[in-house]
Amino acid sequence: MRRPFMPGQCEICRQWTSAALCTDCMARFGAPRPRCRRCALPLGLAAAACGECLRQPPPFEAAVCAVDYGFPWDRVIADFKFHGRSELAGVLAGPLLDALAVAALPRVAAVLPVPLAPPRLAERGYNQAWELARRLAAALGLPAHGDLLQRTLDTAHQAGLPRTERQRNLAGAFMVDPRRRNALQGRALALVDDVMTTGATLREAAAQLLRAGAASVQVWVVARTPTPGD
Ligand SMILES: [Zn+2]
Ligand SMILES: [Zn+2]
């Protein structure tokens, strides 16, 4: 499901190509692999879910990701996120749309980005998750809501915290705009982010949407850290 693209250089190998990512690079770095349907972790075999999700299922009903977070996607994502290249959302949305087509999950009613805390948004100038969410929604003919879910705290310093601490650190990090709760009552939603590492942020955001009345939440991310560790 590629969108039309003016001839240019492949974002990964810089070859001249008629797509944002050339077919060689997509075959080499973007080939789909078996993943846990629930959390998108790579699995050795095509099984429905990983051991962790069987023991302790996340609040989201399914997770879809396009690629593993690592070479060369880490560079493309860093350019997208930290170097002002918001237009790379269109490039990164392509492989994710392909992964969504393969996953064939139940259709959602709306697409939401994981919000950024206001100071970070001010610093970056755009929310990379929103740039992705609105393009995915447009391609799928769905509404996108950029400000329904809001960030209340700046929980920037998650790295280095043990897993249980990380989850506790995030409690209360999100809220649903109380005036707009009816936009999600009983609805199936998709929550979009660029990268899922431990999944702690996406778990907390999904849980908050469910508490506010959403019927279900799917998680759509470009890249998943294959071995997030603890
Ligand atoms: Zn290439
Ligand atoms: Zn899993």
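This is a predicted model: local features need pLDDT of at least 70, side-chain atom pairs count only at pLDDT 80 or more; totals for chains, interfaces and linings use all residues.
A salt bridge here is a side-chain nitrogen of Lys or Arg within 4 Å of a carboxyl oxygen of Asp or Glu.

Glutamate 131 and arginine 135 both sit in helix α6, residues 128-140. They are four residues apart, which is about one turn of the helix. Is glutamate 131 buried or exposed? Its relative accessibility is 9%, so glutamate 131 counts as buried.

How many salt bridges does the rule give? The count comes to 13. I will go through a few of them.

Aspartate 68 pairs with arginine 33, and the closest N and O atoms are 2.3 Å apart. Aspartate 68 is in strand β3, residues 62-68, while arginine 33 is in the loop between α1 and α2, so this bridge ties together parts that are 35 residues apart in sequence. Arginine 33 is partly exposed, with a relative accessible area of 40%.

Next, aspartate 177 and arginine 179 form a salt bridge, with 2.9 Å between the closest N and O atoms.

Arginine 14 lies in the loop between β1 (8-9) and β2 (16-17), and at 38% relative accessibility it counts as partly exposed.

Now a charged residue without a bridge. Arginine 124 is in helix α5, residues 118-124. Arginine 124 is buried yet has no salt bridge. Which side chain of opposite charge is nearest to arginine 124? That is glutamate 123, at 5.9 Å, and the cut-off for a bridge is 4 Å. What arginine 124 does have is a polar contact, side chain to side chain, with glutamine 128 at 2.5 Å. If we leave aside neighbours within four places in sequence, arginine 124 is in contact with Lys81, Phe82 and Leu116.

On to the metal sites, starting with ligand 1. Which residues coordinate this zinc ion? They are Cys10, Cys13, Cys22 and Cys25, each through SG, at 2.3 Å. The angles subtended by the four donor atoms run from 103 to 116°, which makes the arrangement tetrahedral. For reference, the ideal angle for four tetrahedral donors is 109.5 degrees. Along the chain, the donors of ligand 1 follow the spacing C-x2-C-x8-C-x2-C. Cysteine 22 and cysteine 25 are both buried.

The zinc ion that is ligand 2 has Cys36, Cys39, Cys50 and Cys53 as its protein donors, again through SG, lying 2.3 Å from the ion. The site of ligand 2 is tetrahedral, with angles of 104 to 117° among its four donor atoms. Its donor residues are spaced C-x2-C-x10-C-x2-C in sequence. Cysteine 39 and cysteine 50 both lie in the loop between α1 (23-29) and α2 (51-55), so the pair ties together parts that are eleven residues apart in sequence. Both of these cysteines are buried.

A few remaining backbone points. Where is the cis peptide bond? It runs from phenylalanine 71 to proline 72, with omega near -5°. Proline 72 is placed in the loop between β3 and α3 (73-82).

Alanine 104 is not a glycine, but its phi is positive, about 50°. Alanine 104 is in the loop between α4 and β4 (110-113), and it counts as exposed, at 56% relative accessibility.

Last, alanine 101, which is found in helix α4, residues 88-103. Alanine 101 is partly exposed, with a relative accessible area of 48%. From C-alpha to C-alpha, alanine 101 and tryptophan 73 are 20 Å apart in space, and they are 28 residues apart in sequence.

How values were computed
Residues are numbered from 1 along each chain as its sequence is written. Chains are lettered from A and ligands numbered from 1 in the order in which they are written. Side-chain values use heavy atoms; hydrogens and water are left out. Donors are N, O and S atoms within 2.8 Å of the metal (3.2 Å for Na, K and Ca); water is not among the atoms, so sites may look incomplete. Four donors count as tetrahedral if all angles lie between 85 and 135 degrees; four count as square planar and six as octahedral if opposite donors are over 155 degrees apart and all others between 65 and 115; anything else is irregular. Buried means under 20% relative accessible area, exposed over 50%, partly exposed in between (1.4 Å probe, protein chains only). Helices (H or I, at least four residues) and strands (E, at least two) are DSSP runs, numbered from the N terminus. Lys and Arg count as positive and Asp and Glu as negative; His and the chain ends are not counted. A polar contact is a pair of N or O atoms within 3.5 Å; within protein, one must be able to donate a hydrogen and the other to accept it, and residues adjacent in sequence count only if both atoms are side-chain atoms. Contact means heavy atoms within 4.5 Å.
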